[in-house]
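Have the structure open as you read.

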Amino acid sequence: MIYHFNRVKLKEGVTPQQFEQAVQCLRDQGRIPVVKSFIVGPEHGSDFDWGAVFVLEDLDAYAEYLNHPAHARLEQIGLPLLTKFDSYDVSDDLDPVLGDKIADLQKRNYEAKPELVTLMADVESHSGVSALPGES
């Protein structure tokens, strides 16, 4: 299993309507058929406002998750609202190159969606597996 974590800090001035739309997109992303389970909610004890965890069976599921329209919708709606974004994965798969394989999936996601690169470039701070290639 791969546990895909997302942590976000919102920009000042995000309206309640924008926030609710983004949270709904996160929940919709959790309902992508390859997502085994998910949680979305406020983050406690850190500098981040909200977090989400999506449980994926394997790399094939991860690729399908990244390419699903619900994921693309969240990218389009949610990224412009963020000042800080962190993403990372935890897995019980002991493959020593799993991290490289996940990074390759993320890289291909950016290559397939040039508009995503622009959206991510506007986020003040982004780190982890979803950072732009060459950044972290």
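Partly exposed here means a relative accessible area between the buried limit of under 20% and the exposed limit of over 50%. At 43%, Asp 47 therefore counts as partly exposed. Keep in mind that this is a predicted model, and that it holds 11 salt bridges.

**A bridge across the sequence**
- Asp 47 pairs up with Lys 84 in a salt bridge, with the closest N and O atoms 3.1 Å apart.
- Asp 47 sits in the loop between strand E2 (35-42) and strand E3 (50-56), while Lys 84 is in strand E4 (residues 82-91), so the pair ties together parts that are 37 residues apart in sequence.
- Lys 84 is partly exposed too, at a relative accessible area of 23%.

**Local bridges**
- Asp 104 and Arg 108 form a salt bridge at 3.0 Å, N to O.
- Both belong to helix H4 (residues 98-112), and because they are 4 residues apart, about one helical turn separates them.
- Asp 104 is partly exposed at 34% relative accessibility, and Arg 108 is partly exposed at 45%.
- Another salt bridge links Asp 28 to Arg 31, the closest N and O atoms being 3.4 Å apart; Asp 28 is partly exposed at 31%.

- Met 1 comes in the segment before strand E1 (2-10) and is partly exposed, with a relative accessible area of 30%.

Notes
Residues numbered from 1 in each chain as written. Predicted model: local features only at pLDDT ≥ 70, side-chain atom pairs only at ≥ 80, totals over all residues. Heavy atoms only, no water. Helix = DSSP H or I, 4+ residues; strand = E, 2+ residues; numbered from the N terminus. Buried < 20%, exposed > 50% of the residue type's maximum accessible area, 1.4 Å probe, protein only. Salt bridge = Lys/Arg side-chain N within 4 Å of Asp/Glu carboxyl O.
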